[in-house]
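Dear colleague,

I am passing on the structure below, and after it you will find my notes on what turned up when I went through it. Please read them with the coordinates open beside you.

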Amino acid sequence: MSTTSVQVPDKLSARDRTTIGVLLVSAFVVILNETIMNVALPKLMHEFQVSPSAIQWLATAFMLTMAVVIPTTGYLLQRLPIRTVFILAMGLFSAGTLLAGLAPGFEVLLAARVVQASGTAIMMPLLMTTILDLVPTHRRGAVMGNVSIVISVAPAIGPTLSGLILHSLSWRFMFLLVLPIALIALVLGARLLPTDGERSKSKLSVPSLLMSIPAFGGLVYGLSGIGSPDAQTHQVALVSLAVSLLFLAAFVLLQLRLQRTDSALLDMRPFKYRQFTLALALMVMAMLSMFGVIILLPMYLQNVRGLDVLSTGLVMLPGGVLMGLLAPFVGKLFDKVGARPLLVPGGLLLAAVLFAFTQLSETTPLPLIIGLHLLMSTALAFIFTPSFTAGLNPLPHSLHSHGSAVLSTLQQLGGAAGTALLVGIMSAGTVAAAAAGKGEIAAQTAGFSNGFLVAAIVSLGIVVIALFMGKSDAGTSPAPDAADAVLAKESH
């Protein structure tokens with residue numbers, strides 16, 4: 001591993017600002033597609049005359065592909081220039097988007113979603129690694145605040161956007177309206193992004209690549225299916241989880257051995273940094289709560305309150321917009337005060353709102369629900385930027401790409417786990433309430449209350465972890481020469 005120092009200038013050049021701007025826009029577009037399909041699934045099921053279990057694969061296959069591809073990005077980003085990786089990511093995403101928009105049948109649309117997800121998986125680690133390499137540590141919070149818009153707002157407004165499109169246009173326009181933006185970003189990136197920078201010459205570990213497929217793909221598949229009411233699907237999910245954990249253990253052991261020669265597919269050394277590990281655990285809890293609520297709240301609005309898809313999306317929209325507006329402000333605040341003063345109140349507010357959600361009924365006023373969702377979005381804004389910025393800041397240059405890949409992988413797993421856990425608990429609570437003699441609406445309300453309660457308890461873990469993070473970690477990072485030299489010594 002090279003010990004070459006990477007000097008990060010105190011101010012961003014015009015070229016660096018352009019690079020980050022192109023990557024931010026591109027990442028927002030590709031992440032948006034992760035949740036844009038959820039609202040359209042019932043309509044597509046009717047369009048293609050397929051079963052509910054089959055149509056669900058349009059969302060499941062996207063998550064599975066993301067989980068399998070993201071762990072490889074640490075290796076890609078060390079071997080290839082920014083421009084090459086960007087062209088690969090946006091080229092795959094654009095090709096998948098075009099194929100999806102023109103898909104003549106379900107099978108082609110499913111294949112298109114896999115191609116889309118392959119490009120999406122590469123984009124977020126590319127964006128984070130580039131920011132870590134270009135932005136000085138004491139300014140990363142402000143820039144990472146814009147990344148929070150991509151991570152949190154894009155998934156939140158995906159269902160709203162798809163609801164608006166489906167209200168008056170064909171489902172194909174969910175892809176055809178995005179395609180021109182993706183192509184413009186691809187052309188701009190191909191012209192403007194840099195090709196320079198030191199590259200690793202490590203060889204691809206084929207056994208690691210083969211192990212990562214059942215390890216990460218099986219884990220997401222198992223988490224996605226474990227909450228299914230269908231007994232057979234539930235059993236298959238449990239088997240998938242067991243097998244994936246075995247492969248995951250083997251994968252980690254192999255990476256620990258390979259990283260001694262700087263040839264790991266996904267380097268595990270970021271976990272040696274305490275701040276990174278704590279921030280990662282905190283981020284998983286936040287993603288679990290957010291993705292669970294993104295699923296539960298729309299289900300409550302439609303199943304209990306009787307709102308249509310468009311109205312549901314409009315109820316959720318103000319929170320997504322607020323999160324986007326707050327993210328840059330929170331990032332600048334992080335640069336001044338560090339993570340803990342933001343994470344602790346953010347975690348407490350999130351827990352309070354989720355506990356309030358447990359009291360929702362079939363007569364709760366919609367303005368109150370919108371207000372609670374706005375408070376939840378505020379809490380998440382105070383959690384996301386400080387957690388992943390504080391976690392990635394201590395890493396030396398040589399671990400930027402692998403740290404970003406690990407973070408993105410765990411975000412996917414946290415989202416899948418949150419969806420599976422909370423939907424499973426909600427379903428079980430609904431069944432138990434119905435068995436106790438409650439009516440259909442009352443039983444569903446009880447089920448949603450149980451799901452929100454578990455999310456609230458999980459969110460308290462954010463507060464506990466935040467208390468163990470550095471009191472003032474803004475603008476701190478190890479000297480690149482010293483940190484990289486230590487890693488180089490470990491490699492040999």
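Leu204 counts as partly exposed, because its relative accessibility is 38%, and in this predicted model Leu204 sits in the loop that runs between helix H10 (179-192) and helix H11 (206-225). Leu204 also belongs to a nonpolar patch on the surface, which it forms together with Val206, Leu210 and Ile213, and the accessible area of these residues together is about 350 Å².

The crossing of H1 and H7 is left-handed. Towards the other pair, helix H15 (residues 340-357) packs with helix H16 (residues 366-392) at an angle of about 150°, their axes being 8 Å apart, and so H15 is roughly antiparallel to H16. For H15 and H16, too, the crossing is left-handed.

Next come two residues with backbone angles that deserve a careful look, and the background is that most residues other than glycine have a negative phi. Gln49 is not a glycine, and yet it has a positive phi of about 55°; its place is in the loop between H2 and helix H3 (52-55). Asp262, which is likewise not a glycine, has a positive phi of about 60°, and Asp262 is found in the loop between helix H12 (231-258) and helix H13 (274-303). Are these residues buried or exposed? Gln49 is exposed, because its relative accessible area of 63% lies over the 50% cut-off, whereas Asp262 is buried, because its relative accessible area of 16% is under 20%.

As for charged pairs, side chains of opposite charge can pair when their charged atoms come close. How many salt bridges does the count come to? The count comes to one salt bridge, and the partners are Arg269 and Asp267, with their closest N and O atoms 2.7 Å apart. Arg269 and Asp267 are both buried.

Two C-alpha separations complete these notes. Glu47, whose place is in helix H2 (residues 41-48), counts as partly exposed because its relative accessibility is 44%. Glu47 and Trp171 are 124 residues apart along the chain, and their C-alpha atoms are separated by 9.6 Å. Phe247 lies in helix H12 and counts as partly exposed, because its relative accessibility is 35%. Phe247 and Ala264 are 17 residues apart along the chain, and the separation of their C-alpha atoms is 16 Å.

With kind regards

Terms used: Residues are numbered from 1 along each chain as its sequence is written. This is a predicted model: local features need pLDDT of at least 70, side-chain atom pairs count only at pLDDT 80 or more; totals for chains, interfaces and linings use all residues. Side-chain values use heavy atoms; hydrogens and water are left out. A salt bridge is a side-chain nitrogen of Lys or Arg within 4 Å of a carboxyl oxygen of Asp or Glu. Buried means under 20% relative accessible area, exposed over 50%, partly exposed in between (1.4 Å probe, protein chains only). Patches are made of residues with over 30% relative accessible area and no salt bridge: like charges are joined within 9 Å, nonpolar side chains (Val, Leu, Ile, Met, Phe, Trp, Tyr) within 5 Å. Accessible areas come from the Shrake-Rupley method with a 1.4 Å probe; for residues, only the protein chains shown count as cover. Helices (H or I, at least four residues) and strands (E, at least two) are DSSP runs, numbered from the N terminus. Axes are lines fitted to C-alpha atoms, for helices over the stretch in contact, and angles run from 0 to 180 degrees between N-to-C directions. Angles under 35 degrees count as roughly parallel, over 145 as roughly antiparallel, 65 to 115 as roughly perpendicular and the rest as oblique. A crossing is left-handed if the near helix is turned anticlockwise from the far one by less than a right angle, and right-handed if clockwise.
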